[in-house]
Amino acid sequence: MSSALTDLLAAALDARGDLISKLHSEKTDAYRLFHGSVEGEPGLTVDRYGDLILAQSFHEPLEADELKAIETFYDRRYPGLPLIWNDRSQPNSRVANKLSTEQLEIATEPRIVQEIGVNYRFQARHAGQDPWLFLDLRAGRRRVLQEAKGKNVLNLFAYTCGIGIAAAKAGASLVTNVDFAESSLLVGKENSRLNGLGHTLRYVQCDAFAALRQYSGLGQPRVVRGKRLPPFPKLEKTAFDLVFLDPPRYSKGIFGVVDLVNDYSALFKPALLSTAEGGTLVCCNNVASVDRDAWLDQMQRSAKKVDRVIRDVEWIAPEADFPSPDGKPPLKIALLRV
């Protein structure tokens, strides 16, 4: 098994040779080395984040011989780069495996990774479970770098503000990052500091529904059906030049339900109404079972209901370290001119 796995890792790395050279030339040292779902080992991913390699298992834990094979292979290809394994096969994708004292020190050490010349904070282990920079969204951040100069940008479900940092780096006039988690926004503020961008970034700790309803002009009441809602910041109606919408697959909260399969329109409508006429709305959907064309049709129908028109559509595909043999990557990114 370990020999077969090594062959798969080698084939994946060889296939990325030209891409990795290109990424290094543009000051990028964070990329996927092995995408197991389409490269022969479903449930296993291996990523390089700067001077560290992160292996993650999602379906079941790695056997001892498998982990040893992975460590040995990458130690030969990337000597000096430590490898940390996060087993996320438990419910809710929580990291389950314990590390030695030495490994834990390596995993929790704050590091800096680069992507297209932009600096981002990274730790292999932290209080949450997801890496602080989603590598499949590099194509989206690259496009924002090309698009954001001089624009007023709204970054929704900002997480650690990767999109917002890219927009500010590109010369956006103002970037507003919205996320409900203070811990994520704190990493975003650190990312801003690493790039010297503090003057152009704003951070709003708020449920996305509550923020969008205010920005769009729909309004967010503080009492619903006689029940007082949790406190949320008061925000003014605003028409943004560029809105980036990257919600999770499913999330149920007091202000609303995020459901990318059954009700994308619940978020899309206020996001569209928060986008200026002639502006740009970038929408993401990371559910593999959602058909791209059906999703776009849903957004077009939703736009018509509020008398808005989607004038042009540009599809942004993940880059080559996230291969998709059928041309239908799970992550769909649509840049809409509205």
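Two strands are counted as paired if DSSP finds at least two bridges between them. The legends below describe a predicted model.

**View 1. The open sheet of seven strands.** The strand order is β9-β8-β7-β12-β15-β17-β16, and the pairing is mixed. Because β9 (201-205) and β16 (312-316) each have a single partner strand, they stand at the edges of the sheet, and one side of each is left without a neighbour there. On average, neighbouring strands of this sheet are turned by 15 degrees against each other, direction ignored.

**View 2. The pairing of β8 with β9.** Strand β8 (residues 174-179) runs parallel to β9, and five bridges join the two. Within this pair, valine 175 stands opposite leucine 201 of β9, and valine 178 faces valine 204 in β9. Together with helix α8 (residues 182-195), β8 and β9 form a right-handed β-α-β unit.

View 3. Helix α9 (residues 208-215) touches β7 (152-156), β8, β9 and β12 (240-245). The direction of helix α9 makes about 140 degrees with that of β8. Helix α10 (residues 265-273) also packs on the sheet, with contacts to β7, β12, β15 (275-285) and β17 (332-337). Between the directions of helix α10 and β15 the angle is about 150 degrees.

**View 4. The annotated span, residues 33-336.** The unreviewed UniProt entry places the feature "domain: S-adenosylmethionine-dependent methyltransferase" at residues 33-336. In the model, the end C-alpha atoms of residues 33-336 lie 31 Å apart.

Terms used:
Residues are numbered from 1 along each chain as its sequence is written. This is a predicted model: local features need pLDDT of at least 70, side-chain atom pairs count only at pLDDT 80 or more; totals for chains, interfaces and linings use all residues. Side-chain values use heavy atoms; hydrogens and water are left out. Helices (H or I, at least four residues) and strands (E, at least two) are DSSP runs, numbered from the N terminus. Axes are lines fitted to C-alpha atoms, for helices over the stretch in contact, and angles run from 0 to 180 degrees between N-to-C directions. Contact means heavy atoms within 4.5 Å. UniProt positions are given in the numbering used here, feature names are shortened, and annotations may be inferred rather than shown by experiment. A crossover is right-handed if, with the strands pointing away from the viewer, the path from the first strand over the helix to the second runs clockwise.
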